[in-house]
Amino acid sequence: MINDLWYKNAVIYCLSVATYMDANGDGIGDFEGLMRRLDYLQGMGVTAIWLMPFQPSPCRDDGYDIADYYGVDPRYGTLGDFVEFAEGCKQRGLRLLIDLVVNHTSNEHPWFQESRRDPHSKYRDWYVWSKKKPKSANSGVVFPGVQKSTWDYDVVAKAYYFHRFYDFQPDLNTSHPEVQAEILKIMGFWLQLGVSGFRMDAVPFVIAQKGRDIAKPQEQYDMLRTFSQFLNWRKGDAIILGEANVLPGTDMQYFGNSGDRIQMMFNFEVNQHQFLALATGDSRPLVKAMQATKRRPATAQWGQFLRNHDELDLGRLTEKQRESVFAEFGPDPEMQLYNRGIRRRLAPMLQGDRRRLELAYSMMMTLPGTPVIRYGDEIGMGDNLKLPERNCARTPMQWSTEPNAGFTKSDKPCMPVISDGPYGFPHTNVAAQRRDPTSLLNWMERIIRMRKEVPEIGWGDFSFVSTGTSQVLAVRYHWRNNSVLCVHNLSAEPREVRLKLRADDEADCELVNLLSDEHSHPEKGAVHRLLLEPYGYRWYRVCGLDYLLRRSAI
């Protein structure tokens, strides 16, 4: 059973094929280049790779406008290259997840072209059409300021089509039985080629009712059960990692009370409140977010992350809380997106402060769930705010001090490589950090290794330990009679805290530091006195007298 639930103690690494490594010198990353970096990924310690869309696409939305679900974009290689890459992952013990973008297609997809040309085609009902423009056409836009409507007129079809996202991404009618059957076919195809699951894009929109006369769309949660049952039938340990930015209280509808729907979801509630905690030095809102999302089935798991390929969404925060995060991490208008999010990478948000970077990653690694890392963040890559919208944080991976950061031998990379400033590739690259034992990359390798050795975080239940100050967060995990304690100082000042382990039989328990030799012995009354440096963190294993006797006998 534990093997089937591999994702409970995994470390997931997200990357884009297009911007990771170019092998053929055309300026665009490809699967051959990615194959060359598999040993790097294995050496870092990650256990699963999540690939952003690589199927044929006009790439008007970074590949999220798919024109063929059953192929590989020629820019990245062939289907054979993908299979070889999938086999390379398997040989190294790495799981492979790919994006499943089925809420919409590209308007260049043959299905949509047939749908608009022939009203009697079966594909007509695969999309959402209306003869008249609905009254609600200007509401529910996902990209305010860029997108004006969710319904646009098509001159060939002589009708309006529905698109939740950009106008070149018409929505599939996912309620249609044939469309659902096609989604299962797509999943089955890639499972057969070696993937272990899917990161499903925009899950709430996939399962929502769609149509001209639907004023308040209802989610069709049973659709998720259909997807999950298909995965279990085809490949018992395959999973769906859902992008579902939903409010606490509805998340159980996505997991299913018995865990019979999707297996994983990103925890946007905790993500936003972690950044609030980092900005204000106050852990209380984060504690509330963790408590609000604590309930989940035994087989379900949260995906915990810091940054991803989109903007940092702050929509869950109050206006005052958003202002605090903007002021700390995105004070300039060019750093913000849609007035609700921040379009930056983590390192420049934290002003390159190594102490705060370590604190942020230590917190993320010890939040209840499975950590998900964004490519380049392991070396502290920066962003290029001159690029439009979210492209600023999607620049090529910086491998070395060679031209174009060693990403490509072409003088025309698909996206500009960051070359100037403290985050330019002459200063921030894998090769230099490989040679520096104190680098962020080597620290990340050590913290990933330790995270995998502490399954209590991925599998166990958690509780909070009082520290006497909201600036210090202490979380304790229990699993199979084992216990770990993770403590983080959110303040720029040193803090001394006293922790009391509650159980009567823990009076003699020692806190064994998992990251250094600074262990903690209890004072009278099972109280532990800890001194944490500014932005300091500690990972402890709670060890009783029997453990101490065994250790002294070795």
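Arg356 sits in helix α13, which spans residues 354-365; helices here are DSSP runs of H or I with at least four residues, strands are runs of E with at least two, and both are numbered from the N terminus. The model is a predicted one, in which local features need pLDDT of at least 70 and side-chain atom pairs count only at pLDDT 80 or more, while totals for chains, interfaces and linings use all residues. Residues are numbered from 1 along each chain as its sequence is written, and side-chain values use heavy atoms, with hydrogens and water left out.

Is Arg356 buried or exposed? Arg356 counts as buried because its relative accessibility is 8% (buried is under 20% relative accessible area, exposed is over 50%, and partly exposed is in between, using a 1.4 Å probe and protein chains only). Its side chain has a partner in Glu328, with a polar contact of 3.1 Å between the two side chains. A polar contact is a pair of N or O atoms within 3.5 Å; within protein, one must be able to donate a hydrogen and the other to accept it, and residues adjacent in sequence count only if both atoms are side-chain atoms. Setting aside residues up to four places away in sequence, Arg356 touches Leu278, Glu328, Phe329, Leu350 and Tyr535, where contact means heavy atoms within 4.5 Å.

Next come the strands. Strands of a sheet pair through backbone hydrogen bonds, either parallel or antiparallel. Two strands are taken as paired if DSSP finds at least two bridges between them. Strand β8 covers residues 239-242, with Ile239 and Leu241 pointing one way and Ile240 and Gly242 the other, and all of them are buried. β8 pairs in the parallel sense with strand β7 (residues 197-200) over four bridges, and Leu241 of β8 is the bridge partner of Arg199. β8 also pairs in the parallel sense with strand β9 (residues 264-266), over two bridges; here Gly242 has Met265 of β9 as its bridge partner.

Elsewhere, three strands make up an open sheet in the order β4-β6-β5, with antiparallel pairing. Its edge strands are β4 (129-130) and β5 (151-154), each of which pairs on one side only. β4 and strand β6 (residues 159-162) run antiparallel and are joined by two bridges, with Tyr161 in β6 as the bridge partner of Trp129.

Asp313 belongs to strand β11, residues 312-313, and is buried because its relative accessible area is 13%. Its side chain makes a 3.0 Å polar contact with the side chain of Asn245, and a polar atom of the Asp313 side chain also lies 2.8 Å from the backbone nitrogen of Gly315. Leaving out neighbours within four places in sequence, Asp313 is in contact with Asn245, Gln272, Arg340 and Gly341.

Asn308 is in the loop between β10 (301-305) and β11. Asn308 is buried too, since its relative accessible area is 17%, and its side chain reaches the backbone nitrogen of Asp310 at 2.9 Å.

Then there is the empty space. Rolling a probe the size of a water molecule over the atoms shows where empty space is left. On a 1 Å grid over the protein atoms alone, a cavity is a set of points where a 1.4 Å probe fits but cannot get out, whereas a pocket is an open set with protein on both sides within 12 Å along at least five of seven lines; lining residues have an atom within 4 Å of a point. Grid points are joined across faces, edges and corners, and a volume is the space filled by probe spheres set on the points.

The largest pocket has a volume of about 970 Å³. It is lined by 45 residues, of which Val142, Phe205, Glu243, Asn245 and Arg340 are the closest to its centre. The elements that give two or more residues to this lining are α6 (203-206), α9 (268-280), β11 and β14 (370-374). By class, the lining of the largest pocket has 21 nonpolar, nine polar and 15 charged residues (Ala, Val, Leu, Ile, Met, Phe, Trp, Tyr, Cys and Pro count as nonpolar, Asp, Glu, Lys and Arg as charged, and the others, Gly among them, as polar).

As for cavities, the count comes to five of 30 Å³ or more. The largest cavity has a volume of about 50 Å³, and its lining divides into seven nonpolar, two polar and three charged residues, including Trp302 and Arg316.
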